[in-house]
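Here are a few notes from my look through this one. Have the structure open as you read.

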Amino acid sequence: MSFFSVIIPLYNKEKYVLKTITSVLQQSFQNFDIVIVDDGSTDQSLAIVKSLNNDKITVIQQENQGASIARNTAIAASNGSYIATLDADDIWDKNHLLELKKCIDTCPEAVLFCTNYNIKRHDGFITKSKFNFEYDNSCLIINDFFKANIINFIPTSSSVAFKKQDFLKVNGYNTKLRTGQDIDLWIKFGLIGKIAFNPKITMLYNFFDQSSLSNSDYNEDRYLLINNYKNEAQNNASLKKYLDINRYALVIRYKLLDQPIDAKKVKQDIDFKNLNYKQKVLVNCPSSILIGLKKLHSFLIKNNIYLSAFK
């Protein structure tokens, strides 16, 4: 049995998957196996994976069913003590699994273990992740996970590990969600136990690739995700704030698509005390202004300038 089973869902990532898998095979901590589920790729992704012919790699093929089912299938087939997840277009530094193991050894009581990461906005433009809590260089348990998680996500689908039994305890990835299934999983972990964090940066998160398994504009799924936890948020102010930040983001999405009725429906559930001044202004802007600001935002990113609603 391996210490880690590395789980990779794969769908049409021929430009990235070789570099992704190579970053795993080059890990300084070598006690791992890799389970890849090809979710019906129509490009050369599967052929590239099969050409590697490495004993550490198990490849499972399925018809296209989406990211949730692909990940659940991979984890069901795994036999590692811990599951480490990775998207097929992200890159691990050589010390990623080693730093995850340090986090596990330091904080064994946690149910989810996370490392720090950088964000690739486009080729040649990388920004640091920012979180809403203080930390130094040591692994730690996050005191208030939902409050800490409102800027960048502390866990990502390529920077975490967890025990298979804890994953099964929360019923795995929600197969009803075509997007946001990873966020849903982090919420479920945050509700049942402690979250551990290693401040060491060990991963590059590919934020800009629009062909991602879960990057389509499934706003009805985002709405379902947010509202799945209304009852839990009634007695958890931090979770309510976290959900309201996500509601704010969904309102902006709806307005950019010129869907004012849907935007109004989501907006009415927001406690505006949970938004900062900039967010309050943006969420009340007409669609025409938001579209212009979105174009400006994209222009600035192309010119290596990143601005956030949290600044």
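This is a predicted model: local features need pLDDT of at least 70, side-chain atom pairs count only at pLDDT 80 or more; totals for chains, interfaces and linings use all residues.

1. Start with strand β1, residues 4-10. Seven of its seven residues are buried, so the strand is largely enclosed by the rest of the structure. Look at the side chains and you'll see F4, V6, I8 and L10 pointing one way, with S5, I7 and P9 pointing the other. Both sets are buried.

2. On to the pairing with β2 (residues 32-39): β1 and β2 run parallel and are joined by seven bridges. As a landmark, I7 sits opposite V35 of β2. To get from β1 to β2 the chain passes through helix α1 (residues 17-25), and this β-α-β crossover is right-handed.

3. β1 is also paired with β4 (residues 82-85), again in parallel, through four bridges. Here the bridge partner of F4 is Y82.

4. Now the helices. α8 (residues 219-227) packs with α10 (residues 237-256) at an angle of about 160°, and their axes are 10 Å apart. An angle over 145 degrees counts as roughly antiparallel, and α8 and α10 are therefore roughly antiparallel to each other. Their crossing is left-handed.

5. Which residues in α8 and α10 meet? From α8 come N219, E220, R222, Y223, I226 and N227. On the α10 side they meet L243, N246, R247, L250, R253 and Y254.

Key: Residues are numbered from 1 along each chain as its sequence is written. Side-chain values use heavy atoms; hydrogens and water are left out. Buried means under 20% relative accessible area, exposed over 50%, partly exposed in between (1.4 Å probe, protein chains only). Helices (H or I, at least four residues) and strands (E, at least two) are DSSP runs, numbered from the N terminus. Two strands pair if DSSP finds at least two bridges between them. A crossover is right-handed if, with the strands pointing away from the viewer, the path from the first strand over the helix to the second runs clockwise. Axes are lines fitted to C-alpha atoms, for helices over the stretch in contact, and angles run from 0 to 180 degrees between N-to-C directions. Angles under 35 degrees count as roughly parallel, over 145 as roughly antiparallel, 65 to 115 as roughly perpendicular and the rest as oblique. A crossing is left-handed if the near helix is turned anticlockwise from the far one by less than a right angle, and right-handed if clockwise. Contact means heavy atoms within 4.5 Å.
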